[in-house]
Amino acid sequence: MRVLFFNWEYPPQGSGIGRYNEILTRALRKNGHFCVIVTSNAPGCPEIEQLTNGVVYRLCDKEEMPSPQQTKRVLEIATQYKVDLIEGADHLGHCASLLETGKRPPVCIKMHYNDVLYNLRYAQAAYWWQRPLIRLACIRQHRRLAAERYCIENADYITAPCREIFLKSQQQGVQLPGIKNVIANPVELPESWRNAEATNPILLFVGRVDFGKGVRYLPQLLYDIRKEFPATTLEIAGHDCYARGVGSLLQWVRKRVDDGAIRYLGPLDRED
């Protein structure tokens with residue numbers, strides 16, 4: 001099978017969706033499939049690069065995606081490599097113009113994150129007063145939300161990492177394509193990884209320090225665990241984020257846990 005991935009995120013650009021594309025293409029290549037990745041520019045990276053997991057085309061700046069020129073270029077690359085399937089993301093709706101094109105390979109949209117679904121949108125809110133601010137931001141970016149919804153509703157195939165996303169979509173009146181599947185996100189462990197028990201229990205959080213990633217629950221989780229295991233520490237590996245009216249979310253967590261109970265590791269690479 002020959003698959004083209006189209007998204008602005010791909011390492012070193014972006015975060016979760018880019019890592020998903022990297023891990024998935026590597027897994028596909030190990031199983032004998034061909035992959036080509038069409039993405040945005042990255043500092044210090046060539047326009048065309050041959051990697052072990054596929055050919056990477058870095059066509060333009062993120063702000064230039066999508067455009068009629070880029071859509072045309074994606075289709076040219078798809079034709080050049082005779083791809084069987086194009087996979088894009090719901091987030092930002094970059095595949096909307098691609099889906100409007102008549103003659104093309106089938107397009108699969110992976111539902112990662114979008115502001116169309118209220119439960120995903122308001123996951124960023126830990127306080128009631130944040131919801132109106134998010135709603136206002138979504139009104140201002142109505143074109144992006146329309147593109148995200150168009151991608152979801154007009155994809156040839158659609159996948160999501162859990163059934164709940166499909167259920168919430170249907171409850172909200174989003175018309176999902178007929179062909180849809182729940183496919184869990186891939187996980188990849190470094191080959192050199194070895195398990196070893198810590199001296200004291202550790203609650204490890206890996207990801208952006210962001211309300212949308214569940215950070216608001218960490219203080220209570222740590223409090224509950226330390227009732228039974230008092231020596232437990234919270235370790236956080238990921239970028240700190242800032243929320244309007246709240247500030248640093250790392251500091252937000254620090255203020256709500258005991259001194260010495262938290263250790264911030266910062267962003268780590270795969271081996272670390």
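This is a predicted model: local features need pLDDT of at least 70, side-chain atom pairs count only at pLDDT 80 or more; totals for chains, interfaces and linings use all residues.
Strands of a sheet pair through backbone hydrogen bonds, and the pairing may be either parallel or antiparallel. The open sheet to which these strands belong has 3 strands in the order β9-β10-β13, and its pairing is parallel. Because β9 and β13 (262–264) each have a single partner strand, they stand at the edges of the sheet, and one side of each is left without a neighbour there. Neighbouring strands of this sheet are turned against each other by 20° on average when direction is ignored.

Salt bridges were examined next, and the count comes to 13. Four of the residues involved, R19, E22, R26 and E188, are linked in a network of salt bridges. In one of the contacts, E22 forms a salt bridge with R19, and the closest N and O atoms of the two are 2.4 Å apart. Both residues belong to helix α1 (residues 16–30), where they are 3 residues apart and are therefore separated by about one helical turn. The two partners can also be described by their accessibility: E22 is buried, with a relative accessible area of 16%, whereas R19 is partly exposed, with a relative accessible area of 28%.

A further salt bridge joins E188 to R26, with the closest N and O atoms 2.8 Å apart. Because E188 lies in the loop between β8 and β9 while R26 lies in helix α1, this pair ties together parts of the chain that are 162 residues apart in sequence. Both E188 and R26 are buried.

Another salt bridge is formed by K168 and E164, whose closest N and O atoms are 3.8 Å apart. These residues are 4 residues apart in helix α7 (residues 163–171), so about one helical turn separates them. Here K168 is partly exposed, with a relative accessible area of 28%, and E164 is also partly exposed, with a relative accessible area of 42%.

The loop between β8 (180–182) and β9 (202–206) is also the place of W193. Together with V187 and L189, W193 forms a nonpolar patch on the surface, and the accessible area of the three residues together is about 360 Å². W193 itself counts as partly exposed, because its relative accessible area of 46% lies between the limits of 20% for buried and 50% for exposed residues.

A disulfide is a covalent bond between the sulfur atoms of two cysteines. The structure holds 0 disulfides. C138 is buried, with a relative accessible area of 7%. C162 is likewise in no disulfide, the nearest cysteine sulfur being that of C108, 15 Å away. In contrast to the buried C138, C162 counts as partly exposed, at 32% relative accessibility.

Technical notes
Residues are numbered from 1 along each chain as its sequence is written. Side-chain values use heavy atoms; hydrogens and water are left out. Patches are made of residues with over 30% relative accessible area and no salt bridge: like charges are joined within 9 Å, nonpolar side chains (Val, Leu, Ile, Met, Phe, Trp, Tyr) within 5 Å. Accessible areas come from the Shrake-Rupley method with a 1.4 Å probe; for residues, only the protein chains shown count as cover. A salt bridge is a side-chain nitrogen of Lys or Arg within 4 Å of a carboxyl oxygen of Asp or Glu. Helices (H or I, at least four residues) and strands (E, at least two) are DSSP runs, numbered from the N terminus. Buried means under 20% relative accessible area, exposed over 50%, partly exposed in between (1.4 Å probe, protein chains only). A disulfide is a pair of cysteine sulfur atoms within 2.5 Å. Two strands pair if DSSP finds at least two bridges between them. Axes are lines fitted to C-alpha atoms, for helices over the stretch in contact, and angles run from 0 to 180 degrees between N-to-C directions.
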